[in-house]
Amino acid sequence: MNELQDWFAYSSFRPGQKEMLNKAAETAKHGGVLLIDAPTGSGKSSVVSALLAERNNRQIIVAVRTISQLATYMRELELIRKKQPDLKFSYLVGKSSMCPLGGFGDPYRKCEAVKGFSTALIRERADRGSLDPTKDKVIVEQIRKNDPDHPIICPFFIRSKTAILNEKAGGMRLAPSDACKRLAARVIERCIRPDMLREACDGLCPYEVMTQASMQADVLICNYHHIMDEQIRNQLYLNLQKEPSEILLLIDEAHNCGDVMQDIMSVTLDHRALEQADYDITSLKRDVRDLEAIRRLIPGIKKFLDGLRRSTEAEDWFDPQLFSRMILRESLYGTMEEVVDDFMDLAESIKESNSKRGDYRTTGIERLSAFLYRLHNSGTNPAYLTLFRKDSENIYLEVRNIDPSPGLSTLAREHFCSVYISGTLTPLRSYQQLYFRALPVDYPISSFSLPNHFPKENRLVLVTSDITSAFSKRQSDDNIKRMVSYIRNFCTIPGNLGVWFPSYQMLESVTREVEMHLHDREVFIEPRDSSEAGSLLTRFMSLPGKGKKGILFAVCGGKFSEGLDYRGEMLTGAMVIGLPLAPWNQVRQMILQYYTRQYGEEGRFIAYTLPALNKVLQALGRVLRTPEDRGVLIFGDNRFLDPSIQERLPSWMQEEIHEVDIRSFPSVMQGWK
Ligand code: SF4
């Protein structure tokens with residue numbers, strides 16, 4: 001009989017961990033959805049042990065967002081394998097990082113096209129009796145002639161396949177080559193790190209090898225998109241020869257699920273894509289059907305964009321009916337349906353002819369046709385908003401999905417069970433509503449919250465009563481002066497510190513005021529450009545090792561607020577100034593109306609405050625990473641004193657939080673040393 005203990009990699013459980021794993025095991029046994037909110041250090045990745053204990057021959061898929069999360073699960077599974085030597089696990093990461101084939105454009109499109117051409121070639125040669133493509137002279141010659149920048153066939157795929165006679169159905173079918181099978185078997189025994197994979201595959205396709213390995217794996221780790229994007233998910237399960245009902249899902253860092261699902265279901269068109277579409281059409285030959293009619297649509301769309309450019313709003317809703325009327329007015333079309341059909345046909349024919357030339361870039365026509373298709377099909381669905389955004393360089397039209405519940409509920413219904421886990425899934429009830437409203441009321445769904453078992457005496461949780469980022473006070477001199485004073489006093493405690501702001505604008509204005517007063521620490525400011533972020537963070541984190549200390553000024557929800565492990569002296573205090581609510585405008589108002597219709601009064605919290613609260617908890621969560629870490633966590637906005645927000649904080653924070661003001665704060669900081 002499978003016991004949890006048999007699959008648990010450690011000699012003892014951390015406080016509360018056994019209860020969490022039992023709950024997960026129960027869900028794995030009976031099916032349904034489980035949401036787990038478990039703070040850092042509670043041994044979340046061991047939930048996979050609970051699923052293994054009750055998997056009953058089903059496959060486990062762990063969905064992660066980052067390579068470091070993938071590495072965490074690989075380590076956990078390696079440890080379990082010491083107890084259970086027959087355990088098989090594998091992973092799949094995106095094709096952009098796995099694929100060794102050169103060329104430009106979308107790696108998925110390139111792969112789909114070269115696999116199609118390569119498969120046709122292997123079949124054609126197999127029909128002539130040449131079953132091993134690696135030994136076939138014609139194929140070898142084709143590979144030699146393949147242009148590395150514009151590949152038509154894929155030598156890595158060809159080496160990973162062999163043709164075999166399909167005795168039952170007649171004809172040929174492709175199967176993994178012996179080399180591919182051998183390597184997959186090796187990978188299953190001793191997992192190869194993603195950065196070593198290409199080299200280890202030695203001329204074979206890493207994706208094919210890992211797919212082959214994944215078919216035999218008890219646990220497959222893959223990225224969110226493999227699971228959340230319906231098209232990619234269907235293809236994955238086809239490759240694995242599995243039905244979703246045979247799969248137990250474990251979704252890590254689950255507070256991100258809603259955003260990821262909404263992004264996948266949204267589509268954006270920028271003015272550059274429109275220019276590109278115009279150019280694509282102009283450079284096409286005249287023999288494409290209905291080209292003139294399509295060409296006459298572009299000025300109407302440009303005129304619409306130009307009109308929006310004059311708007312004073314950085315983000316606003318646009319009327320899809322007005323958009324349609326405007327582009328139909330001077331066109332040869334009677335309905336948007338005809339427009340969408342012709343655009344889709346044109347996009348498909350361009351895609352096909354480009355692929356034949358080894359060009360896998362996404363054309364402007366395709367972007368425009370995808371946008372028009374989504375606009376036409378969801379423009380009047382209240383779960384989709386039609387909006388525009390502007391920045392200094394570009395203007396974007398977007399059909400944005402604002403409700404992840406239907407997509408996530410489908411995912412839950414299809415799979416045998418799904419466990420969603422995160423360190424910041426507070427309040428669980430709100431996430432349950434946000435993610436699974438569309439599930440039937442009798443669907444088995446439960447939640448589990450683990451207390452923080454790190455020693456209380458190692459932390460200080462404060463809320464300031466006299467500063468805020470609320471719009472009405474944001475520019476007030478007194479408010480800013482107090483923020484500066486808080487930061488100066490915060491700097492009296494030892495070690496590296498972090499201060500997070502709701503926006504770059506506020507970060508820049510407060511930092512300008514405070515920087516000149518910070519003499520004994522190095523100041524680090526989060527750059528807008530991500531290319532400089534890595535080296536800046538490395539320098540910041542290395543300071544304590546050199547006996548120095550610094551202060552990092554960053555943005556909530558930015559590059560330095562999630563997924564980073566600042567242990568020990570690397571970060572001994574975090575202060576979040578303000579509540580990082582999204583800018584209030586008509587779009588936000590429409591989102592709120594939608595959510596209030598769905599959830600009543602609670603909708604306002606779910607749609608508007610919950611994402612901001614999560615960003616704050618993520619930033620503050622960087623400090624206490626191990627039971628030995630000591631640190632100060634500060635909610636720097638008086639709105640955290642409001643019971644409607646405070647009662648939604650994790651329970652340990654609610655119990656420990658102390659109110660301070662600018663007069664009491666210096667002595668509280670002195671006392672912390
Ligand atoms: S088959 Fe493999 S190597 Fe070839 S394009 Fe696809 S992912 Fe890349």
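This report covers the domains, the ligand shell and the nonpolar cores of a predicted model.

**Domains**

The domain assignment divides the chain as listed below.

| Domain | Residues |
|---|---|
| domain 1 | 100-208 |
| domain 2 | 267-401 |
| domain 3 | 456-672 |

Taken over C-alpha atoms, the centres of domain 1 and domain 3 are 51 Å apart.

**Ligand shell**

Around the ligand there are 14 residues, and those that come nearest are Cys-99, Cys-111, Cys-154, Phe-156 and Cys-205. Two or more residues of this shell are given by each of helix H6 (107-127), helix H8 (155-159) and helix H11 (206-216). H6 has the largest share, with 4 residues. By residue class, the shell holds 10 nonpolar and 4 charged residues, and no polar ones.

**Nonpolar cores**

The largest nonpolar core has 152 residues, and Val-47 and Leu-250 have the most contacts inside it. Helix H27 (residues 602-620) gives the most to this core, namely 9 residues. Domain 1 (100-208) and domain 3 (456-672) each supply at least three residues to the core.

Which residues does Leu-250 touch, not counting residues up to four places away in sequence? Leu-250 touches Val-47, Val-48, Leu-51, Ile-60 and Val-62, and also Val-419 and Ile-421.

Another core, of 29 residues, lies apart from the largest one. Its members include Leu-269, Ala-347, Leu-385 and Phe-388.

Terms used: Residues are numbered from 1 along each chain as its sequence is written. This is a predicted model: local features need pLDDT of at least 70, side-chain atom pairs count only at pLDDT 80 or more; totals for chains, interfaces and linings use all residues. A residue is near a molecule or strand if its C-beta atom, placed from the backbone, lies within 6 Å of it. Ala, Val, Leu, Ile, Met, Phe, Trp, Tyr, Cys and Pro count as nonpolar, Asp, Glu, Lys and Arg as charged, and the others, Gly among them, as polar. A nonpolar core is a set of buried Ala, Val, Leu, Ile, Met, Phe, Trp, Tyr and Cys residues joined through C-beta atoms within 7 Å. A residue is buried if 20 or more other C-beta atoms lie within 10 Å of its own, exposed if 12 or fewer, and partly exposed in between; C-beta atoms are placed from the backbone. Domain bounds come from an automatic or database domain assignment. Two residues are in contact if their C-beta atoms, placed from the backbone, lie within 7 Å.
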